[in-house]
Amino acid sequence: AGRPLPRALAVPATVTMTVSTRLHRPARRLALLASSLLLLGALSGCEKTPAPSFKSLDITGAEYARQLALTDASGQPFQLSSLKGKVAVVFFGYTQCPDVCPTTLTNLAETQRLLGPDGDKLVGVFVTVDPKRDTAALLKAYVGAFNPNWVGLRGTPEETAAAAKEFKIFYREVPGKTESSYTVDHTAASFVFDPQGQVRLYVRHATPPADLAADIKVLLSAR
């Protein structure tokens, strides 16, 4: 006991170090592999979900067009929040509009048809910029001709102006051929709200119904 090994049996220090190093290499490789996997997992967790692609102008997060509180054609108070769960398409116009308004509503009706079974999840909201002539009864008949389930809205001149300002809508009366006649110039775009009640899209006039239907399908699929 305590005696040193004979010189013939002694293990050289270099051999001991070599063996020790070889024994630790697998452990080091496993540690490096685990670190790499953890790093890849962290990077993967940081990846953001790609934003949806729309054919219309994406205005998600806009600080306008956030609320709309007027009176419907039945005389009941209306707010956009009442349409949550559906996609709402809001358009400002007037019933005596010669071309832009009927074209827009006709295209919207075609969009609804193209949505198939999801068509009942789309609601058109028509806001008159001519409350002097567009009575509740006239508004109801006009909007109902395109779809009886759509919403016609009107307000006092002051309420109409406030709603137009909120949506950044331009409108003005243009004198006609007689003292009592006039037309109304107005913004011809529409605004699309998702099922959560958030404004998402600015739709230019004459956008093909197939394009709008594709955009609405994207919004519905994100529910």
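These legends walk through several close-up views of one predicted model.

The model is predicted, so local features are described only at pLDDT of at least 70 and side-chain atom pairs only at pLDDT 80 or more, while totals for chains, interfaces and linings use all residues. Residues are numbered from 1 along each chain as its sequence is written, and side-chain values use heavy atoms, with hydrogens and water left out.

**View 1**
Let us begin with α4, which spans residues 157–166. Helices here are DSSP runs of H or I with at least four residues, strands are runs of E with at least two, and both are numbered from the N terminus. T160, A163, A164 and E166 are the buried residues of α4; buried means under 20% relative accessible area, exposed means over 50%, and partly exposed lies in between (1.4 Å probe, protein chains only). Seen down the axis, these buried residues fall within an arc of 160 degrees, so they line one face of α4. That arc is taken from the directions from the helix axis to the C-beta atoms. On the face turned away from the buried side, look for the exposed residues P157, E158 and K165. The buried residues of α4 pack against the strands β2 (69–72), β4 (87–93), β5 (122–128) and β7 (171–175), where contact means heavy atoms within 4.5 Å.

**View 1**
Is K168 buried or exposed? At 59% relative accessibility, K168 counts as exposed. Now turn to A206, which sits in the loop between β10 and α5. A206 is also a residue other than glycine, and its phi is positive, near 70 degrees. With 53% relative accessibility, A206 counts as exposed.

Helix α5 runs over residues 209–221. Its 13 residues reach 18 Å from the first C-alpha to the last, close to the 18 Å expected at 1.5 Å a residue; the expected span is 1.5 Å times one less than the number of residues. Which residues of α5 are buried? They are P209, L212, A213, D215, I216, L219 and L220. These residues cover an arc of only 160 degrees around the axis, which puts them on the same side of α5. Their packing partners are β4, α2 (100–114), β5, β9 (190–193) and β10 (199–203).

**View 2. S56 and its partner D215.**
S56 lies in the loop between α1 (13–46) and β1 (57–58). Its relative accessible area is 9%, so S56 is buried. The side chains of S56 and D215 are joined by a polar contact of 2.8 Å. Such a contact is a pair of N or O atoms within 3.5 Å; within protein, one must be able to donate a hydrogen and the other to accept it, and residues adjacent in sequence count only if both atoms are side-chain atoms. Leaving aside residues up to four places away in sequence, S56 touches L201, Y202, V203 and D215.

**View 3. The largest nonpolar core.**
In soluble globular proteins, nonpolar side chains tend to be buried together. A nonpolar core is a set of buried Ala, Val, Leu, Ile, Met, Phe, Trp, Tyr and Cys residues joined through side-chain atoms within 4.5 Å. The largest one here has 51 residues, and L68, V90, V125, F167, F191 and F193 touch the most other members. Strand β4 gives this core its largest share, six residues. Not counting residues up to four places away in sequence, F191 has contacts that include I59, Y64, F167 and Y202.

**View 4. Aromatic rings side by side.**
Rings of Phe, Tyr and Trp (its six-membered ring) pair if their centres lie within 6.5 Å; planes under 30 degrees apart count as stacked, over 60 as edge-to-face and the rest as tilted. By this rule there are seven aromatic pairs. In one of them, the ring centres of F92 and F167 are 5.3 Å apart and the planes stand at 55 degrees, so the pair is tilted. F92 lies in strand β4 and F167 in the loop between α4 and β7, so the pair ties together parts that are 75 residues apart in sequence. F92 and F167 are both buried. Ring pairs link F92, F167, F191, F193 and Y202 into a cluster.
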